[in-house]
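This report is intended for a reader meeting the structure for the first time. Please keep the sequence and the model in view while reading.

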Amino acid sequence: MFGMPFADKVLEQKALLQEAGVSAPHIAVDLGCGSGFQSVALADLGARQVHAVDTSRALLSELQTHAQGRPITAHEADLMDFDRIGPTHADTIVCMGDTVTHLARRDDVVTLMTKIAAALSPGGRFVLSYRDLSVIPEGVDRFIPLRSSDDTIMTCFLEDSGDSVLVHDLVYVRSESGWALNKSAYPKLKLPQTFMTSAIADAGMTLDFEINRRGMIVLAASK
Ligand SMILES: C[S@@+](CC[C@H](N)C(=O)[O-])C[C@H]1O[C@@H](n2cnc3c(N)ncnc32)[C@H](O)[C@@H]1O
(Lines give C-alpha, C1' and ligand atoms only; values in the text may rest on other atoms or scores of the structure.)
Protein backbone atom coordinates (compact mmCIF):
# COMPACT_ATOMS: atom_id res chain seq x y z
CA MET A 1 0.00 0.00 0.00
CA PHE A 2 2.77 2.47 0.91
CA GLY A 3 5.30 1.15 -1.59
CA MET A 4 8.05 0.56 0.98
CA PRO A 5 8.66 -1.52 4.11
CA PHE A 6 7.39 -0.14 7.46
CA ALA A 7 10.91 0.57 8.78
CA ASP A 8 11.82 2.60 5.68
CA LYS A 9 8.62 4.63 5.96
CA VAL A 10 9.47 5.35 9.63
CA LEU A 11 12.94 6.57 8.61
CA GLU A 12 11.36 8.79 5.92
CA GLN A 13 8.90 10.29 8.42
CA LYS A 14 11.64 10.71 11.07
CA ALA A 15 13.74 12.73 8.59
CA LEU A 16 10.68 14.78 7.62
CA LEU A 17 9.88 15.54 11.28
CA GLN A 18 13.45 16.67 11.86
CA GLU A 19 13.33 18.83 8.72
CA ALA A 20 10.10 20.36 10.07
CA GLY A 21 11.86 21.35 13.29
CA VAL A 22 11.02 18.47 15.64
CA SER A 23 14.31 17.81 17.40
CA ALA A 24 13.77 16.53 20.94
CA PRO A 25 10.12 15.62 21.53
CA HIS A 26 9.19 14.89 25.12
CA ILE A 27 5.42 14.35 25.27
CA ALA A 28 4.01 13.86 21.76
CA VAL A 29 0.54 13.32 20.32
CA ASP A 30 0.00 11.64 16.93
CA LEU A 31 -3.48 12.40 15.57
CA GLY A 32 -4.78 9.81 13.08
CA CYS A 33 -1.71 7.65 13.69
CA GLY A 34 -2.78 4.74 11.47
CA SER A 35 -0.26 1.90 11.69
CA GLY A 36 2.22 4.22 13.40
CA PHE A 37 4.88 5.59 11.03
CA GLN A 38 4.99 8.94 12.81
CA SER A 39 4.41 7.52 16.34
CA VAL A 40 7.39 5.19 15.97
CA ALA A 41 9.47 8.00 14.40
CA LEU A 42 8.63 10.31 17.34
CA ALA A 43 9.63 7.60 19.82
CA ASP A 44 12.88 7.04 17.89
CA LEU A 45 13.53 10.80 18.08
CA GLY A 46 13.52 10.40 21.86
CA ALA A 47 9.94 11.12 22.95
CA ARG A 48 9.37 9.98 26.53
CA GLN A 49 5.72 9.27 25.71
CA VAL A 50 3.77 9.21 22.44
CA HIS A 51 -0.03 9.26 22.57
CA ALA A 52 -1.30 7.72 19.32
CA VAL A 53 -4.95 8.40 18.46
CA ASP A 54 -7.01 6.65 15.78
CA THR A 55 -10.54 5.31 15.33
CA SER A 56 -9.32 2.15 13.61
CA ARG A 57 -8.84 -0.73 16.03
CA ALA A 58 -7.16 -2.78 13.28
CA LEU A 59 -4.54 -0.07 12.58
CA LEU A 60 -3.92 0.54 16.30
CA SER A 61 -3.30 -3.17 16.70
CA GLU A 62 -0.76 -3.00 13.83
CA LEU A 63 0.86 -0.03 15.57
CA GLN A 64 1.18 -2.02 18.79
CA THR A 65 2.96 -4.77 16.87
CA HIS A 66 5.40 -2.23 15.45
CA ALA A 67 5.90 -0.37 18.76
CA GLN A 68 8.19 -3.13 20.12
CA GLY A 69 8.70 -1.71 23.60
CA ARG A 70 8.72 1.95 22.57
CA PRO A 71 6.75 4.31 24.90
CA ILE A 72 3.64 4.56 22.70
CA THR A 73 0.11 4.55 24.17
CA ALA A 74 -2.65 3.74 21.67
CA HIS A 75 -6.00 5.50 22.12
CA GLU A 76 -9.00 4.24 20.12
CA ALA A 77 -10.85 7.54 19.83
CA ASP A 78 -11.96 10.35 17.55
CA LEU A 79 -9.04 12.71 17.09
CA MET A 80 -11.39 15.67 17.65
CA ASP A 81 -11.53 14.47 21.29
CA PHE A 82 -7.77 14.15 21.74
CA ASP A 83 -7.72 16.91 24.37
CA ARG A 84 -10.01 14.81 26.58
CA ILE A 85 -8.10 11.52 26.40
CA GLY A 86 -4.38 12.26 26.32
CA PRO A 87 -2.10 14.45 28.38
CA THR A 88 -3.23 18.01 29.24
CA HIS A 89 -0.21 19.43 27.39
CA ALA A 90 2.24 18.19 24.79
CA ASP A 91 5.38 19.74 23.31
CA THR A 92 4.85 17.99 19.94
CA ILE A 93 1.57 17.34 18.11
CA VAL A 94 1.47 15.85 14.63
CA CYS A 95 -1.37 15.10 12.22
CA MET A 96 0.25 13.58 9.16
CA GLY A 97 -0.24 11.47 6.06
CA ASP A 98 -3.49 13.08 4.85
CA THR A 99 -5.47 12.41 8.07
CA VAL A 100 -6.85 15.96 8.29
CA THR A 101 -8.74 15.63 4.98
CA HIS A 102 -10.81 12.84 6.58
CA LEU A 103 -12.61 15.34 8.85
CA ALA A 104 -16.22 15.98 7.90
CA ARG A 105 -16.20 19.78 7.56
CA ARG A 106 -13.77 22.69 7.27
CA ASP A 107 -15.24 23.98 10.57
CA ASP A 108 -13.90 20.83 12.24
CA VAL A 109 -10.43 21.63 10.87
CA VAL A 110 -10.63 25.14 12.36
CA THR A 111 -11.79 23.69 15.72
CA LEU A 112 -8.97 21.13 15.63
CA MET A 113 -6.33 23.83 15.05
CA THR A 114 -7.71 25.75 18.07
CA LYS A 115 -7.56 22.62 20.24
CA ILE A 116 -4.00 21.87 19.08
CA ALA A 117 -2.85 25.43 19.87
CA ALA A 118 -4.44 25.17 23.33
CA ALA A 119 -2.82 21.79 24.05
CA LEU A 120 0.69 22.77 22.90
CA SER A 121 3.03 23.89 25.63
CA PRO A 122 4.84 27.22 24.97
CA GLY A 123 7.46 26.71 22.26
CA GLY A 124 5.76 23.42 21.28
CA ARG A 125 5.74 22.24 17.69
CA PHE A 126 2.84 21.22 15.41
CA VAL A 127 3.43 19.35 12.14
CA LEU A 128 0.72 18.71 9.54
CA SER A 129 0.97 16.88 6.22
CA TYR A 130 -1.85 16.39 3.74
CA ARG A 131 -2.77 16.48 0.05
CA ASP A 132 -4.41 19.61 -1.33
CA LEU A 133 -7.34 18.27 -3.38
CA SER A 134 -8.78 21.72 -4.13
CA VAL A 135 -7.69 21.36 -7.75
CA ILE A 136 -8.30 17.86 -9.08
CA PRO A 137 -7.74 16.44 -12.56
CA GLU A 138 -10.53 16.45 -15.14
CA GLY A 139 -12.03 13.86 -17.51
CA VAL A 140 -10.23 10.54 -17.79
CA ASP A 141 -7.29 11.94 -15.78
CA ARG A 142 -9.50 11.43 -12.70
CA PHE A 143 -8.59 7.71 -12.94
CA ILE A 144 -5.28 7.43 -11.09
CA PRO A 145 -3.16 4.27 -10.98
CA LEU A 146 -1.81 3.89 -7.42
CA ARG A 147 0.17 0.68 -7.20
CA SER A 148 0.37 -2.76 -8.75
CA SER A 149 2.02 -6.10 -8.11
CA ASP A 150 1.59 -9.60 -9.59
CA ASP A 151 -1.64 -10.12 -7.62
CA THR A 152 -3.00 -6.65 -6.79
CA ILE A 153 -3.85 -3.59 -8.89
CA MET A 154 -4.93 -0.43 -7.08
CA THR A 155 -6.59 2.46 -8.91
CA CYS A 156 -8.61 5.38 -7.61
CA PHE A 157 -11.18 7.64 -9.20
CA LEU A 158 -11.69 11.21 -7.96
CA GLU A 159 -15.19 12.71 -8.13
CA ASP A 160 -15.70 16.41 -7.39
CA SER A 161 -18.30 16.94 -4.67
CA GLY A 162 -18.30 20.63 -3.70
CA ASP A 163 -16.19 21.20 -0.57
CA SER A 164 -14.97 17.63 -0.76
CA VAL A 165 -13.78 15.03 -3.24
CA LEU A 166 -15.28 11.55 -3.31
CA VAL A 167 -12.38 9.11 -3.58
CA HIS A 168 -13.36 5.76 -5.12
CA ASP A 169 -10.83 2.99 -4.49
CA LEU A 170 -10.83 0.16 -7.01
CA VAL A 171 -8.66 -2.78 -5.99
CA TYR A 172 -8.30 -5.86 -8.20
CA VAL A 173 -7.03 -8.88 -6.25
CA ARG A 174 -5.99 -12.08 -8.04
CA SER A 175 -7.29 -15.30 -6.52
CA GLU A 176 -7.37 -18.93 -7.66
CA SER A 177 -10.71 -18.26 -9.36
CA GLY A 178 -9.52 -15.14 -11.18
CA TRP A 179 -9.47 -11.40 -10.51
CA ALA A 180 -11.92 -9.98 -7.91
CA LEU A 181 -12.75 -6.28 -7.76
CA ASN A 182 -13.13 -4.64 -4.32
CA LYS A 183 -14.81 -1.21 -4.42
CA SER A 184 -15.07 1.45 -1.72
CA ALA A 185 -15.56 5.21 -1.61
CA TYR A 186 -15.06 7.91 0.99
CA PRO A 187 -15.05 11.73 1.00
CA LYS A 188 -11.94 13.84 1.54
CA LEU A 189 -12.04 17.54 2.36
CA LYS A 190 -10.64 20.08 -0.07
CA LEU A 191 -8.22 22.16 1.99
CA PRO A 192 -6.45 24.85 -0.07
CA GLN A 193 -3.03 25.66 1.39
CA THR A 194 -4.08 29.27 2.05
CA PHE A 195 -7.09 28.04 4.06
CA MET A 196 -4.86 25.77 6.16
CA THR A 197 -2.15 28.37 6.81
CA SER A 198 -4.84 30.89 7.90
CA ALA A 199 -6.46 28.32 10.21
CA ILE A 200 -3.07 27.65 11.86
CA ALA A 201 -2.29 31.37 12.25
CA ASP A 202 -5.81 32.23 13.48
CA ALA A 203 -5.45 29.55 16.17
CA GLY A 204 -2.40 31.42 17.51
CA MET A 205 0.46 29.34 16.09
CA THR A 206 3.38 30.77 14.10
CA LEU A 207 3.92 28.97 10.80
CA ASP A 208 7.61 28.80 9.80
CA PHE A 209 7.84 25.71 7.57
CA GLU A 210 5.88 25.15 4.36
CA ILE A 211 6.92 22.66 1.68
CA ASN A 212 5.34 20.46 -0.99
CA ARG A 213 6.93 17.01 -1.04
CA ARG A 214 5.69 14.96 -4.03
CA GLY A 215 2.18 16.44 -3.73
CA MET A 216 2.07 16.23 0.07
CA ILE A 217 1.93 19.66 1.69
CA VAL A 218 3.93 19.78 4.92
CA LEU A 219 3.31 22.67 7.34
CA ALA A 220 4.93 23.21 10.72
CA ALA A 221 4.30 25.83 13.34
CA SER A 222 5.28 26.78 16.86
CA LYS A 223 3.23 28.13 19.72
C1 LIG B 1 -4.50 8.42 5.54
S2 LIG B 1 -4.37 7.63 7.10
C3 LIG B 1 -2.85 8.28 7.75
C4 LIG B 1 -2.27 7.45 8.85
C5 LIG B 1 -0.83 7.79 9.26
N6 LIG B 1 -0.75 9.08 9.90
C7 LIG B 1 0.10 7.68 8.06
O8 LIG B 1 0.78 8.64 7.70
O9 LIG B 1 0.14 6.59 7.48
C10 LIG B 1 -5.63 8.47 8.03
C11 LIG B 1 -5.85 7.86 9.40
O12 LIG B 1 -6.72 8.70 10.15
C13 LIG B 1 -7.65 7.90 10.83
N14 LIG B 1 -8.81 8.76 11.07
C15 LIG B 1 -9.63 9.33 10.15
N16 LIG B 1 -10.54 10.10 10.77
C17 LIG B 1 -10.28 10.02 12.09
C18 LIG B 1 -10.87 10.59 13.25
N19 LIG B 1 -11.91 11.42 13.16
N20 LIG B 1 -10.34 10.31 14.45
C21 LIG B 1 -9.27 9.47 14.56
N22 LIG B 1 -8.68 8.90 13.51
C23 LIG B 1 -9.17 9.16 12.29
C24 LIG B 1 -7.90 6.70 9.93
O25 LIG B 1 -8.37 5.59 10.65
C26 LIG B 1 -6.49 6.49 9.37
O27 LIG B 1 -5.73 5.62 10.18
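The model is predicted, so local features require pLDDT of at least 70 and side-chain atom pairs pLDDT 80 or more, whereas totals for chains, interfaces and linings use all residues. Residues are numbered from 1 along each chain as its sequence is written, and side-chain values rest on heavy atoms, without hydrogens and water.

**Aromatic rings**

Rings of Phe, Tyr and Trp (its six-membered ring) are paired if their centres lie within 6.5 Å; planes under 30 degrees apart are called stacked, over 60 edge-to-face, and the rest tilted. By this rule there are two aromatic pairs.

| Pair | Class | Centre to centre | Angle between planes |
|---|---|---|---|
| F6 and F37 | tilted | 5.0 Å | 40° |
| F143 and F157 | tilted | 4.6 Å | 35° |

F6 belongs to helix 1 (residues 6-19) and F37 to helix 2, so their pair ties together parts that are 31 residues apart in sequence. Helices (H or I, at least four residues) and strands (E, at least two) are DSSP runs, numbered from the N terminus. Burial is judged by relative accessible area: buried is under 20%, exposed over 50%, and partly exposed in between (1.4 Å probe, protein chains only). F6 is buried at 19%, and F37 is buried at 8%.

The pair of F143 and F157 links strand 6 (residues 143-148) with strand 7 (residues 152-161), the two residues being 14 apart. Here F143 is partly exposed, at 44% relative accessibility, while F157 is buried at 15%.

Charged side chains also meet rings. A charge sits over a ring if NZ of Lys or CZ of Arg is within 6 Å of the ring centre and within 35 degrees of the ring normal. The charged end of K9 lies over the ring of F37, 6.0 Å from its centre. R106 is placed over the face of F195, 5.1 Å from the ring centre.

**Helix 3**

In helix 3 (residues 57-67), the buried residues are L60, L63 and A67. They lie on the same side of the helix, because they cover an arc of only 55° around the axis, taken from the directions from the helix axis to the C-beta atoms. This buried side packs against helix 2 (37-44), strand 2 (49-54) and strand 3 (72-76), contact meaning heavy atoms within 4.5 Å. The face turned away from the buried side carries the exposed residues A58 and T65.

**Cysteines**

With a disulfide defined as a pair of cysteine sulfur atoms within 2.5 Å, the structure holds zero disulfides. The sulfur of C33 is 10 Å from the closest cysteine sulfur, that of C95, which is too far for a bond. C33 is buried at 4% relative accessibility, and C156 is buried at 7%.
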